[in-house]
Amino acid sequence: MELICAAPAKINLSLVIKGKRADGFHDLETRMLKITLADRLHLARRDSGITVQCPGSDLPIDAGNLVHRAAKSFLTALGMGGVHIVLEKKVPIAAGLGGGSSDAAAVLRGLNTLYASPFSSAQLVDLARTLGADVPFFVDECLAAWATGIGDEIHAEDISFFGWIVLVNPGFPVSTKWVYE
C-alpha cells in the first residue's frame, strides 16, 4: 500500500525571540501560517527497515535526514514495521519555510494512516517534539497557529488570509542557528 502526502511550507507572520534558554534553544512567540507551496512524499509500507530516496536533491538518505529520523521514531514507538519513502522536494532547503519539519510531520501522519492509526493526535505531537521545534505545528491539522516555548507549544488560530504571498529566495541557504545567533 502506498500513500502520497503533501508537506506544506509555512511562513512566520510574526516572530519575537524572547531570550536564550539554558538548553541552548530560544524562547519565542510566533504566528505561523501554512502555505500552498509543498513537498510531496510517497510512503510505501514494508515489513522492516527504512529507505529514503530524494530524486534531484543532495539531501542525505540516512539518519542525517529528518524524514528518516521521523520514520525511525514512529516505527520504534510502534515496535514493528518499515517504510520506503520517496521525497519530492519543492520547498527550498534552509529558507526558513519549515520544509524539513513539514516533511517529518508528513511522515508521522502518513505512517499513522498506513498503520491504521495506532497513535492519537497528542501522541503524534509528542513524537514530533523530539524531532524539532516546528514539527508539532505541521503535525497539527490547523492552518495557522500562535506558537510559544521553542515554537513547539501550538495554539491553533482561525486566520482568514486573503491575497497573495510572494516568496523571494536569494538562492543560498541560511542556517536557522545562524539567524538566531
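Predicted model: local features only at pLDDT ≥ 70, side-chain atom pairs only at ≥ 80, totals over all residues.
Modeller: Helices (H or I, at least four residues) and strands (E, at least two) are DSSP runs, numbered from the N terminus. Residues are numbered from 1 along each chain as its sequence is written, and side-chain values use heavy atoms, leaving out hydrogens and water.

Colleague: Is Ala94 buried, exposed or partly exposed?

Modeller: Buried means under 20% relative accessible area, exposed over 50%, partly exposed in between (1.4 Å probe, protein chains only). Ala94 has 33%, so it counts as partly exposed.

Colleague: Now strand β2. Which residues is Asp39 in contact with, beyond its neighbours within four places in sequence?

Modeller: Contact means heavy atoms within 4.5 Å. Asp39 lies in β2 (residues 26–46). Its partners include Cys5, Ala6, Leu87, Lys90 and Asp103. Asp39 is buried, at 1% relative accessible area. A polar atom of its side chain lies 2.6 Å from the backbone nitrogen of Lys90.

Colleague: And Ala6: which strand holds it?

Modeller: Strand β1 (residues 2–20). Ala6 is partly exposed, at 49%. Besides Asp39, its contacts beyond four places in sequence include Ala38, Ala106 and Arg109.

Colleague: How many disulfides does a search of the whole structure find?

Modeller: A disulfide is a covalent bond between the sulfur atoms of two cysteines. The cut-off here is a pair of cysteine sulfur atoms within 2.5 Å. The search finds 0. Cys5 is in none, and the nearest cysteine sulfur, that of Cys54, is 14 Å away. That is too far for a bond. Cys5 is buried at 10%, and Cys54 is buried at 8%.

Colleague: How many aromatic pairs are found?

Modeller: A pair of aromatic rings is described by the distance of the centres and the angle of the planes. Rings of Phe, Tyr and Trp (its six-membered ring) pair if their centres lie within 6.5 Å; planes under 30 degrees apart count as stacked, over 60 as edge-to-face and the rest as tilted. There are 3 pairs in the whole structure. Phe74 and Tyr115 have ring centres 6.3 Å apart and planes at 40°, so this pair is tilted. Phe74 is in helix α1 (residues 66–78) and Tyr115 in the loop between α2 (99–114) and α3 (121–129), so the pair ties together parts 41 residues apart in sequence. Phe74 is buried at 0%, and Tyr115 is buried at 8%. Ring pairs link Phe74, Tyr115 and Phe119 into a cluster.

Colleague: Which residues of α3 are buried?

Modeller: An α-helix has 3.6 residues a turn, so residues three or four places apart point the same way. In α3 the buried residues are Leu124, Val125, Leu127 and Ala128. Seen down the axis, they fall within an arc of 160° and so line one face of the helix. That arc is taken from the directions from the helix axis to the C-beta atoms. These buried residues pack against α1, α2 and α4 (135–139).

Key:
Polar contact = N/O pair within 3.5 Å; in protein donor to acceptor, adjacent residues only side chain to side chain.
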